Amino acid sequence: MPGAVGSWLWVSPLEGKSGALSVWTGEHDLQRFVGLPAHVEIMRRCRERGTVRSTTWTADVFDAQSTLSGMRRWIESSPEPVVGKPAR
């Protein structure tokens, strides 16, 4: 996809947490992805399976180690998971 640099998926099953980190060349590319009908449908279909928490940040230069460290700090600051209704 234009503007996509990379992504990491993560899961912490004992804590009931999972998520993704995606890296984009710019805000426009990120917004285009977030607005894709397939992405919107997946998010709507799964909305009651848990709590969604997101953030964005920018950097002048992409550094994978710095990005992953920032992601880990942000994940660790997450409140306890709130479990949604069971899937039907």
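Rings of Phe, Tyr and Trp (for Trp, the six-membered ring) count as a pair if their centres lie within 6.5 Å, and the pair is stacked with planes under 30 degrees apart, edge-to-face over 60 and tilted otherwise. By this rule there are 2 aromatic pairs.

Before you click, note that this is a predicted model, where local features need pLDDT of at least 70, side-chain atom pairs count only at pLDDT 80 or more, and totals for chains, interfaces and linings use all residues. Residues are numbered from 1 along each chain as its sequence is written, and side-chain values use heavy atoms, leaving out hydrogens and water.

**First stop: a ring pair.** Select Trp 8 and Phe 62: their ring centres are 6.4 Å apart and their planes meet at 40°, so this pair is tilted. Trp 8 belongs to strand β1 (residues 4-12) and Phe 62 to the loop between α2 and α3 (64-76), so the pair ties together parts that are 54 residues apart in sequence. Helices (H or I, at least four residues) and strands (E, at least two) are DSSP runs, numbered from the N terminus. Trp 8 is partly exposed at 27% relative accessible area, and Phe 62 is partly exposed at 42% (buried is under 20%, exposed over 50%, partly exposed in between; 1.4 Å probe, protein chains only).

**Next: Thr 67.** This residue lies in helix α3 and is buried, at 12% relative accessibility. Look for a polar atom of its side chain 2.9 Å from the backbone oxygen of Asp 63.

Arg 53 lies over the face of Trp 74, 3.9 Å from the ring centre (the rule asks for NZ of Lys or CZ of Arg within 6 Å of the ring centre and within 35 degrees of the ring normal).

Methods:
Polar contact = N/O pair within 3.5 Å; in protein donor to acceptor, adjacent residues only side chain to side chain.
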